[in-house]
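Take a moment to look at the sequence and the 3D view. We'll walk through a few spots together, one at a time.

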Amino acid sequence: MKIAPSILAANFKNLEEEIKLIEEFGDIVHLDIMDGHFVPNISFGFPIVKTVRELTKLPLDAHLMIEKPENYIDKFIEFGVNMISVHIENNYHINRIINNIKNKGVLAGVAINPGTSIFSLDSILKDIDFLLIMTVNPGFSGQKFIESSIEKIKKIVNIKNEMGLSFQIEVDGGLNYEIALKLKEIGVDIVVFGDYFFKNKKENLYILRNLI
């Protein structure tokens, strides 16, 4: 299982040190991109993405919580992002967006909110490289994990196995060590941590790194 800390929860005054922490205990740098329209919050944009790219060679995973993501995909790729996910919600031409990302040599994912049915994914599962399952409503860090998400994740794992598909499953929202262990047993491939990663003691991060 891969660990993908979200720099939205990092201390931006010490971004270089926070990136080093990810390099020590993580595998992927997760970038939560918010525009204040698709979600009720604004995070950061291209200058920060560029800076993070300059600070590490780890894969960058951009979760686009923005309207009209197709207008910005080329720019994220230009700044060195390796994985891009767009939401199934409010993106009517999702197949075109996913294929556009893949054609440019970047891993393409779809993100799904807690309140959205998994049946909305039927037409896209065969085309994606990864599925990002939100276990909180996107827009703010520090929220509590929605317990009913466990059953939703199990159903998606079953669908994936029954269809013989190979997309990776990524989970984001309110995670801690205990929840991550459950997700590992279910078959999740990537877990996104926020406050739990950056505000935890280093000895606990060693435990996290060694056991999941």
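Let's start with a charge and a ring. The charged end of Lys160 sits over the ring of Phe167, 5.5 Å from the ring's centre. Keep in mind as you look around that this is a predicted model.

You'll find Leu125 in the loop between strand 5 (107-112) and strand 6 (130-134). Is Leu125 buried or exposed? Its relative accessibility is 6%, so Leu125 counts as buried. Setting aside neighbours within four places in sequence, Leu125 is in contact with Leu131, Ile159, Met163, Leu165 and Phe167. Tyr72, on the other hand, is 53 residues from Leu125 in sequence, and the two C-alpha atoms are 23 Å apart in space.

How many aromatic pairs does a search of the whole structure find? The search turns up six. One of them joins Phe12 and Phe44: the ring centres are 5.9 Å apart and the planes sit at 50°, so this pair is tilted. Phe12 belongs to the loop between strand 1 (2-5) and helix 1 (15-25), while Phe44 belongs to the loop between strand 2 (29-34) and helix 2 (46-55), so the pair ties together parts that are 32 residues apart in sequence. The two partners get their own labels for accessibility: Phe12, at 35% relative accessibility, is partly exposed, whereas Phe44, at 11%, is buried.

Phe46 has a relative accessible area of 23%, which makes it partly exposed, and Phe76 is buried with 2%. The story goes on to Phe79, as ring pairs link Phe46, Phe76 and Phe79 into a cluster.

Let's stay with helix 2 and see how it meets helix 1. Two packed helices are described by the angle between their axes and the distance between the axes. For helix 1 and helix 2, the axes come within 10 Å and cross at roughly 55°. Helix 1 and helix 2 are therefore oblique to each other, and their crossing is right-handed. Which residues make the contact? From helix 1 come Leu15, Glu16, Ile19 and Glu23, and from helix 2 come Thr51, Val52 and Leu55.

Ala10 counts as buried, at 11% relative accessibility. Leaving out neighbours within four places in sequence, Ala10 is in contact with Glu18 and Phe198. Ile97 lies 87 residues from Ala10 along the chain, and their C-alpha atoms are separated by 29 Å.

Our last stop is Ser85, which has its place in strand 4 (residues 83-87). Ser85 is at 0% relative accessibility and counts as buried. So what does Ser85 touch, not counting residues up to four places away in sequence? The list is Ala62, His63, Leu64, Gly109, Val110, Phe130 and Leu132.

Methods
Residues numbered from 1 in each chain as written. Predicted model: local features only at pLDDT ≥ 70, side-chain atom pairs only at ≥ 80, totals over all residues. Heavy atoms only, no water. Phe/Tyr/Trp six-rings, centres within 6.5 Å; stacked < 30°, edge-to-face > 60°. Helix = DSSP H or I, 4+ residues; strand = E, 2+ residues; numbered from the N terminus. Buried < 20%, exposed > 50% of the residue type's maximum accessible area, 1.4 Å probe, protein only. Lys NZ or Arg CZ within 6 Å of the ring centre and 35° of its normal. Axes fitted to C-alpha atoms, helices over the stretch in contact; angles between N-to-C directions. Parallel < 35°, antiparallel > 145°, perpendicular 65-115°, else oblique. Left-handed = near helix turned anticlockwise from the far one by under 90°. Contact = heavy atoms within 4.5 Å.
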